[in-house]
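Thanks, everyone. Please bring up the model and keep the sequence beside it.

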Amino acid sequence: MILLWELGGRNDRRYSVFSWRSRMALAHKGLDFEARPVCMSDKAAIAFSGGKTVPVMRDGDSVVRDSWKIAEHLESRYPDKPLFGGDIARGVTHAFNTWIDRALVAPLLEVLAPDIHERVDPADETYFRETMQKFVKMTLEEARAKRDEGMRRLTRTLEPMQALLKRQPWIAGAQPAYGDYILFSVFQWARIMSPQVVVEDGLVSEWRERMLDLHGAFARNVATA
């Protein structure tokens with residue numbers, strides 16, 4: 001049995017942007033897993049991993065933390081249905097992973113943080129507020145007031161993806177792969193934790209709908225905001 005520790009919010013929401021990369025990778029490989037929700041503030045629950053953040057995966061005797069390392073582990077141990085498609089593609093995907101984290105995840109957190117705060121586990125409310133306000137360098141109320149500015153930045157940042165999807169159906173090319181799951185995790189995070197529309201009509205929106213239907217609509221059939 002594969003076990004996956006991930007953030008749990010109100011109404012059984014599973015909202016870690018990074019654990020959604022691991023969830024989609026597991027679904028891509030056709031692997032069953034059991035999810036273990038934990039509070040963001042409960043570091044003791046994942047102390048066995050040697051780290052303080054999720055996702056954490058236990059696969060037999062192997063304990064792996066960090067979504068990228070989990071993807072590499074799955075690719076090595078379960079080579080069928082490749083996530084990357086070779087060493088060069090793995091390197092390019094790793095570069096894309098870094099770009100998404102810097103260009104999308106961090107700025108989008110400024111937009112989403114007030115809504116996420118309303119949907120975290122009650123035990124995490126104070127911890128989340130204190131942590132996020134330090135990260136975004138403003139109060140959650142100030143972040144909410146600046147939301148429109150953040151959404152305009154997000155739209156500009158996504159323009160290259162709109163252009164790419166004019167040329168190919170998936171981020172990875174002819175078939176969906178881990179690069180698609182990296183970008184999709186950002187939109188799934190927003191979909192679960194915020195009522196804001198963060199992807200407007202267009203090719204990226206159409207691609208997201210196809211992503212939601214992959215693997216038996218695995219990602220579509222979850223609680224959303």
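Start with a crossing. Helices α1 and α8 cross in a right-handed way; right-handed means the near helix is turned clockwise from the far one by less than a right angle. Helices here are DSSP runs (H or I, at least four residues), numbered from the N terminus.

What makes the contact? From α1 come V17, W20, R21, M24, A25 and H28. From α8 the list includes Y178, Y181, F184 and W189. Contact means heavy atoms within 4.5 Å. Those contact residues split into 11 nonpolar, three polar and one charged.

Some background. This is a predicted model, where local features need pLDDT of at least 70, side-chain atom pairs count only at pLDDT 80 or more, and totals for chains, interfaces and linings use all residues. Residues are numbered from 1 along each chain as its sequence is written, and side-chain values use heavy atoms, with hydrogens and water left out.

Now the core. The largest nonpolar core has 66 residues. Such a core is a set of buried Ala, Val, Leu, Ile, Met, Phe, Trp, Tyr and Cys residues joined through side-chain atoms within 4.5 Å. I116, Y178, L183, W189 and W207 touch the most other members. Helix α8 gives the most, with 11 residues.

Take I116. Leaving out residues up to four places away in sequence, I116 touches Y15, L109, F128, W189 and M193.

Last stop, A217. A217 lies in helix α9, residues 203–217. Buried or exposed? A217 is buried, because its relative accessible area is 15%; buried means under 20%, with a 1.4 Å probe and protein chains only.

Technical notes
Helices (H or I, at least four residues) and strands (E, at least two) are DSSP runs, numbered from the N terminus. Ala, Val, Leu, Ile, Met, Phe, Trp, Tyr, Cys and Pro count as nonpolar, Asp, Glu, Lys and Arg as charged, and the others, Gly among them, as polar. Buried means under 20% relative accessible area, exposed over 50%, partly exposed in between (1.4 Å probe, protein chains only).
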